[in-house]
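Dear colleague,

Please find the structure below, handed over for your use. My notes on what was found in it follow.

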Amino acid sequence: MNDLIDLGDIAFDERYGVGQPVARGEDPVLLRGEGHYSDDFNRPGQAYCVIVRSPYAHGLIRRIDASAARAVPGVLAVYTAADLASGGIGIMPARQVMNNRDGTPMPHQDRAVLATDKVRHVGEAIAAVIAESIAAAKDGAEAVALDIAPLPAVSEPSRADAAGAPLLYDDAPHNIGVDFHFGDSEVVTAAFAKAAHVTRLKLRNSRVVINPMEPRAALADYDAAGQRFTLHIGCQGVFGFRNYVAQVMGLGRDKVRVVTDRVGGSFGMKQANMPEHFCILHAARALGRPVKWTDERSGSFVSDTHGRDADFTAELALDKDGHFLAVRLTGYGNLGAAYGAPGPPTRNAVRNTLGVYKTPLIEVSTKCVFTTTTPVGAYRGAGRPEANYYMERLVEAAAREMGIDRVELRRKNHIPPQAMPYKAPNGTTYDSGDFTALLDQAVQLADWHGFPARQAESRARGRLRGRGISDYLELTGPPGREMGGIRFERNGDVTIVTGTLDYGQGHWSPFAQVLAQRLGIPFHRIRLVQGDSDELIAGGGTGGSKSMIVSGNAIVQASQKVIEQGKDIAAHVLEAAAADIEFRAGRFVIAGTDRSVGLMDLAARLHAGLKLPANLPQSLDVAEIYDGPPSAFPNGCHIAEVEVDPDTGWVDVVKYTFVNDFGIVINPLLVNGQAHGGIVQGIGQALREATIYDADGQLLTGSYMDYAMPRADDAPHFVHDFHPVPATTNPLGAKGCGEAGCAGALPSVINALVDALSEFGISHIDMPATPERVWRAIRQARYGK
């Protein structure tokens with residue numbers, strides 16, 4: 001087959017079309033070590049910032065004495081909360097706001113940039129030291145004298161609202177930040193009362209330290225003449241980041257520019273409501289010179305937001321035949337010391353727990369509580385993996401308790417494809433899905449029926465072997481409005497401008513594939529701009545697996561606008577009526593003739609000075625705002641097999657199979673990479689990553705010596721396939737993929753481990769299932785100690 005379609009002045013190469021495994025366009029630069037990250041930004045004459053952090057988890061600030069620090073050679077300034085307030089920097093409002101079950105607003109929605117009266121977690125920012133060098137700034141930070149009266153700490157969410165628990169905020173009684181409820185309690189209670197069987201599990205969704213490869217860093221500059229700030233920083237979307245910074249600083253949005261180049265990972269963490277960049281913005285204006293801050297890994301452990309951390313009692317009601325009647329979650333979400341993201345254990349629990357099942361009723365009751373720990377924010381999935389974990393653990397346990405085959409129980413309760421669009425009892429409407437066929441495909445691909453032979457082989461080596469399923473579904477993030485910009489450059493390149501942001505996903509290639517196929521533009525002439533707030537007129541950033549859904553949709557609509565404008569311009573050039581112009585394979589053609597002009601040729605003529613009547617579009621360029629389509633529902637089935645060494649408790653994931661429905665897959669190479677990364681993160685949370693605080697609120701796992709990250713040898717070879725059912729709610733048919741790996745991995749790995757341990761009568765084990773925890777569980781089951 002000839003791969004090239006002749007377009008006259010251009011050639012569209014089908015190897016770069018939608019559905020092709022095109023390599024990431026960013027990789028050659030990154031592999032040569034030429035990536036430009038936040039810490040790589042430098043300006044002549046820049047000063048350096050070091051943050052003074054609280055050594056206590058909880059305490060009253062009696063005094064901050066910076067006199068000795070200001071006398072340290074090279075120190076230029078020391079700023080506290082009072083200094084920032086006098087400079088016009090306000091408080092940081094919560095970025096997720098919701099009401100309590102009684103309709104009242106959540107209390108204490110704001111957070112000071114620097115601690116004022118009290119510290120509430122180890123690592124909380126108290127002061128900022130600015131100096132000529134990093135060494136001088138560190139010396140100055142060590143010289144800041146803190147007089148803090150320690151108070152009792154509370155780290156576990158289930159203990160935060162207990163009588164006598166230390167209170168973090170006076171206006172948050174019992175440390176409750178949000179008292180959330182969804183569902184009809186009376187109806188759900190009745191469903192449980194009539195159930196033939198109820199499965200009940202106490203489930204701990206463990207806290208994780210997010211640990212992106214690149215720590216947070218920023219460089220602030222101030223133009224006194226224009227009274228305008230420029231902030232170079234790694235983030236997930238510069239448009240919203242700019243708006244938030246301007247709000248806190250009491251400035252017009254035109255007075256702040258945010259620039260992001262490469263970002264070495266974020267996973268939901270690198271958000272605008274962090275204190276350090278406000279400190280250096282203030283310093284840059286006060287000192288009249290650029291100021292840079294770069295975190296160190298030890299600081300990241302206690303100052304970056306953490307992820308997950310919830311305790312729930314999960315319940316599933318079933319009739320005598322195993323049909324689901326209702327699901328109920330009751331428990332706690334840990335906010336940490338401030339509002340990071342209350343959405344994961346509340347709204348996202350509601351939206352994602354039902355999964356692929358036609359469960360008629362759901363109730364979620366969550367107390368989101370403040371604790372003297374690092375604030376908890378979004379982490380890959382932000383409630384979606386947690387919700388699927390709750391449901392899939394319940395399904396697996398119910399199958400075992402009722403003596404029903406676990407695959408058959410899932411099939412029996414699947415939402416059938418003919419029910420689409422399906423209005424779920426959580427208020428969402430599923431547009432598409434073929435859950436049973438997908439499950440059957442995964443079971444076959446995993447060689448499900450060959451498991452007994454593999455189990456026997458493991459046992460012959462002294463190992464236990466188990467298998468687990470995760471039949472997951474998640475709701476992608478709310479799309480919102482997004483910029484669709486297409487700009488034809490003088491040198492023949494074409495630039496996409498949109499407000500999602502690549503922080504490791506690899507947006508350039510799939511976005512270029514969409515544009516190349518829509519307009520016939522040569523793939524390698526396409527460029528991407530996402531990281532400059534001055535270039536954007538809208539932008540929702542990247543998160544919630546929505547980038548292709550929103551930016552892809554914006555590119556599609558902007559492409560259509562280019563075609564419309566191009567038809568008018570081509571009609572003038574070809575001396576024809578605009579109604580007679582058709583666009584085919586990158587060319588504007590007079591219908592019924594062989595007369596045409598190519599899109600790229602038309603752009604070149606315009607740059608060369610083509611004069612057009614005033615009533616015609618003067619350019620092919622497009623910069624418009626588009627309303628995003630509804631959320632999508634990516635889903636899939638992951639099947640894990642694990643081996644356990646009963647003498648040491650060590651667990652290995654030895655076989656892993658997954659089949660996903662991501663709708664139309666734009667680039668399978670990148671999609672599989674996203675799935676692999678999410679699965680490994682899920683394995684890390686399930687088996688390795690333990691975030692432990694002591695009774696005084698000190699983080700005991702504050703370095704890689706104590707905190708076990710997943711390694712390459714923790715993951716087996718992945719076997720995978722796609723079962724695409726196009727989304728009906730967006731023109732690309734895409735469903736999103738970035739967070740699905742975690743949603744599939746958490747339940748499948750723990751289900752497999754429980755299956756392996758079931759011969760000891762063990763029916764549940766909490767994450768992280770570290771070797772010690774597994775060993776102790778086996779010892780307790782065997783010997784009662």
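Which residue is the bridge partner of A218 in β14? The partner is I233. This is a predicted model, in which local features need pLDDT of at least 70 and side-chain atom pairs count only at pLDDT 80 or more, while totals for chains, interfaces and linings use all residues. Residues are numbered from 1 along each chain as its sequence is written, and side-chain values use heavy atoms, with hydrogens and water left out.

I begin with the strands (DSSP runs of E, at least two residues; helices are runs of H or I, at least four residues; both are numbered from the N terminus). Two strands count as paired if DSSP finds at least two bridges between them. β13 and β14 run antiparallel and are joined by six bridges. They form a hairpin with four residues between them, and Q227 in the turn has a positive phi of about 50°. Five of the six residues of β14 (residues 228-233) are buried, so this strand is largely enclosed by the rest of the structure. Buried means under 20% relative accessible area, exposed over 50% and partly exposed in between, with a 1.4 Å probe and protein chains only. β14 also pairs with β15 (residues 256-259), in the parallel sense over four bridges, and there T230 stands opposite R257.

β13 (residues 217-223) pairs with β16 in the antiparallel sense over four bridges, with A220 opposite V291.

Next, the nonpolar cores (sets of buried Ala, Val, Leu, Ile, Met, Phe, Trp, Tyr and Cys residues joined through side-chain atoms within 4.5 Å). The largest has 85 residues, and those with the most contacts inside it include Y430, Y656 and L753. Helix α19 (residues 740-757) gives the most to this core, with nine residues. Apart from it lies another core of 47 residues, with A47, M92, I130 and V291 among them.

Y656 is in contact (heavy atoms within 4.5 Å) with residues including H638, F718 and V749, not counting residues up to four places away in sequence.

Yours sincerely,
A colleague
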